[in-house]
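My notes follow, in the order I made them.

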Amino acid sequence: MRHTHLLALIAVLIAAIAPDLLLAATEEAAAVLEGAPKPSRLDYPMIGNVSARTVVWSAAQMHLFLAAFVLAVPLFAIATEFMSVVTGDDRFDNMAREFMKITMAAYSLTALVGGGLLLSLMVFYPDLMGYMVKVFRGQMLIYAMLFGLESITLYVYFYSWDALRRGNRKYYHMSIGLLLNTVGLTLMFIANAWTSFMMSPAGVDAVSGAVTGTVWEATRNPLWNPLNLHRFLANIAYGGAIVGGYAAYMFLAEKDPETKAHYDWMGYTSNFIAILGFLPLPFAGYWLMAEIYAYSQQMGITAMGGILAWLFIIQAVLIGTIMLAANYYLWSGLMRTDRGAQYAKYVKYIAVVIVGGFLVWLTPHTLILSASEIQNLGGTHHKILGPLGIMPAKNVAVNLMLVMTFLSFQMFYRSSRIPTVSWAKQGNMLVVALYVVGIVNIVGAGIYGYITPTVYKVGASVPQVVSTLTIIIGAVVIDVFILRGAKAEKVHWGRMTERSQYALFVLPVAFTWLMGLMGYIRSSLRTNWHVYTVMKDNSPENYIPTLGDAGNTITAITLGFMAIMVFVFWLSRLGQTKQETVEDAA
Amino acid sequence: MLGNKWVVFVVALIVWAAVFYFIDKSIMEFQGLPVGADLMPV
C-alpha cells in the first residue's frame with residue numbers, strides 16, 4: 001500500500017505546485033526592450049531545394065494530430081473509468097484501459113514528431129524562435145518539465161491499471177488519471193498561448209515588438225481562450241472519432257461473436273463521445289471567429305471574405321460528411337434492438353433535413369463567374385442560391401443538423417427502453433412539442449436575419465444556438481423522468497452490418513482532413529507576418545499558397561497521419577495476438 | 001392521468017412557445033439589441 005500512498009502524495013503536491021510555477025514565470029519582470037528581429041531573406045537558412053514552410057507545416061500539423069489524440073483519449077478514459085465505479089460494470093473499465101492502450105502506442109510518436117517540429121523550426125526559422133523564447137522565457141522550460149510529468153503520469157496511469165483496480169486503490173488510480181489530464185490540458189493551454197500570440201500578440205510593444213509585459217500578459221492574448229475552448233472540444237471529438245475507427249477495425253478483423261460485440265459497443269461509445277464533443281464545436285468556432293473579427297477586422301475578412309473563404313465551403317462539405325456518417329451509423333444501430341424497427345420509419349425524414357442542411361451549408365455566396373455567366377444570371381448572385389449562401393441560412397442549417405443528430409441518438413436510446421410511467425404518452429407529447437417549437441424558433445430566427453439590420457442578424461444567431469441546446473437539454477431531462485423505472489430490452493451488441501463500420505472509418509478521415517484544413521486557415525490569417533503586425537516574415541515562402549497547393553499539402557499530411565493510425569491499430573492488435581503452442585497447433 | 005395526449009400537446013406548444021419567446025427576447029436585450037414585443041428592432 002505504501003507506494004500507492006506515495007504516488008497519491010506526489011500527485012497532490014504536483015497539482016498544488018504547478019500553478020505556482022506558472023505564476024512564478026508570469027510574474028517575472030519584463031526587461032527585454034529590444035524590438036522583434038527583422039530578418040532579411042538571407043537570414044533564413046536554405047537547405048537545397050527543401051521547402052522550409054512545407055517541412056514545418058507538415059511537422060506542426062502531424063504533431064497537432066497526434067497530440068490532440070493523445071491528450072483527448074485520457075480525458076474520456078478517466079470519464080469511462082469513473083462510469084465503471086458508478087455502475088460497477090467492469091466493461092467500462094476494460095474499455096477505458098483499451099482506450100489508453102491505443103494512446104500508449106501513439107504517445108512516443110507524438111514526442112518524436114514534436115521533437116522534429118522543434119528542430120525544423122530552429123533550423124529554418126531561428127530568428128522567430130529566438131523572439132518567441134524572449135517573449136515566453138521560463139514558460140518554455142515549464143512546458144518541457146510538464147511534458148516529462150505527462151510521460152510519467154501516462155505510463156504510471158496505464159501500467160498501474162490492474163494493480164490499482166479494486167476498492168480504495170481505484171481512487172488512487174483515478175487520481176493519477178486526473179493528474180495526467182491536468183498536466184495534459186496545461187500543456188495544451190501553453191502551446192495554444194504561443195500559437196495565439198503569433199496571431200494576436202500581447203505583452204509586447206505594438207510597433208517594435210519589444211517585450212514590455214509579463215509572460216502572463218503574452219499568454220492571455222485576445223485569442224487564447226477562444227482557441228483553448230475550440231481545441232479542447234475538437235480534441236474530444238477527434239479522439240472519439242479515432243478510437244471509433246480503431247473499434248471498427250477490430251470489429252471487422254475479429255471473428256469471435258463475443259469480441260465483435262465488445263468492439264461494437266466500443267464503436268458506439270466512441271461515436272457518442274465524438275458527437276458529444278462535436279455538437280458544441282460550431283458554437284466554439286463562432287466565438288473564435290467573432291474574437292478574430294473583434295481583434296482585427298482585416299484578419300476576419302481575410303478568413304471569410306478573401307482567398308481563404310472558399311476553404312470554408314470545403315469545410316462545410318467535410319462537416320456535412322461527418323454528420324451524415326455519424327447519423328448513418330446511428331440509424332444502422334437501430335437494428336441492435338428488437339424495437340429499433342419502430343423508429344426506422346422516422347429515419348427518412350431526418351435524412352431529408354440533414355441532406356438539405358448539408359446542401360445549404362455548402363452553398364457559396366459569391367460565385368466565380370465569367371462575364372457571360374453574370375449576364376445570364378442577371379447579376380453576380382443567383383436569385384435562390386445567393387440568399388442561401390449567407391449566414392442566417394447556414395445557421396439554420398447547422399442548428400437543424402445538430403438537432404436531428406441528437407434525435408438519432410435519442411431514438412436509439414429509447415429503442416431499448418419501454419417506459420412504465422402512466423403519463424408516458426403525454427410525456428412524449430411534451431418532447432414532440434419541444435422539438436416543434438424549438439425548430440420553428442431556429443428557422444424563424446434565420447428568417448429574422450433577412451429582415452433586420454446586420455447587427456440584429458448576427459445577434460439572432462445566439463437564440464438559435466440556445467434553442468438547439470434547450471431542445472437537447474430539455475429532451476434529456478424529460479426522458480430521464482419518462483424512462484425512470486423503464487423496462488430495459490436487450491441490446492444485441494455485434495448485430496451490426498459491416499458497412500456501418502465504414503461510417504466509423506469516415507469519421508477520423510474527415511476529422512483529420514478538417515483539422516488540417518482549418519489549421520491551415522487559422523495559420524494563414526497571419527499572411528506575411530510571423531507574429532501578426534509585429535514581426536514580418538521575409539522568407540522566400542511568405543505568401544499564401546494557391547488553394548490547390550494548400551489542398552495537396554493538407555491531403556498528403558492527412559494520408560500520412562492515417563497511415564500512422566493504421567500502424568498504431570495494427571500494433572495494438574499485434575499486442576493481443578498470441579502464437580499457438582505446439583499442443584494448440586496439434 | 002394528465003388528460004388526452006393531444007390536449008397536452010397543444011398546451012405544451014403554447015408553454016414552449018412562451019419559453020422560447022422569453023429566451024429570444026432576453027438574449028437580444030442582453031446583447032444590447034433592444035426589441036419590441038414583436039421582437040423587431042426598436
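I began with the rule for salt bridges: a side-chain nitrogen of Lys or Arg within 4 Å of a carboxyl oxygen of Asp or Glu. What I have is a predicted model, in which local features need pLDDT of at least 70 and side-chain atom pairs count only at pLDDT 80 or more, while totals for chains, interfaces and linings use all residues. Residues are numbered from 1 along each chain as its sequence is written, chains are lettered from A and ligands numbered from 1 in the order in which they are written, and side-chain values use heavy atoms, with hydrogens and water left out.

**Salt bridges.** I found 13 of them over all chains. I looked at Lys170(A) and Glu81(A) and got 2.8 Å between the closest N and O atoms. Lys170(A) sits in helix H6 (residues 167-199) and Glu81(A) in helix H2, 89 residues apart; helices here are DSSP runs (H or I, at least four residues), numbered from the N terminus. Are these two buried or exposed? Both are buried, and my cut-offs are under 20% relative accessible area for buried, over 50% for exposed, and partly exposed in between (1.4 Å probe, protein chains only).

Next I took Asp162(A) with Arg97(A), a bridge of 3.7 Å, N to O. Asp162(A) is in the loop between H5 (138-159) and H6, and Arg97(A) is in H3 (residues 90-124), so the bridge ties together parts 65 residues apart in sequence. Asp162(A) is partly exposed at 47%, and Arg97(A) is partly exposed at 27%. I then saw that Glu81(A), Asp93(A), Arg97(A), Asp162(A), Arg165(A) and Lys170(A) are linked in a network of salt bridges.

**Core.** I counted a nonpolar core as buried Ala, Val, Leu, Ile, Met, Phe, Trp, Tyr and Cys residues joined through side-chain atoms within 4.5 Å. The largest has 141 residues, and Phe561(A) is one of those with the most contacts inside it. Helix H8 (residues 224-253) gives the largest share, 15 residues. Which residues does Phe561(A) touch, not counting those up to four places away in sequence? With contact meaning heavy atoms within 4.5 Å, Phe561(A) touches Met62(A), Phe65(A), Leu66(A), Tyr238(A), Ile242(A) and Thr512(A).

**Helix H17.** I checked residues 391-415 and got 36 Å from first C-alpha to last, close to the 36 Å expected at 1.5 Å a residue; that expectation is 1.5 Å times one less than the number of residues.

Terms used: Helices (H or I, at least four residues) and strands (E, at least two) are DSSP runs, numbered from the N terminus.
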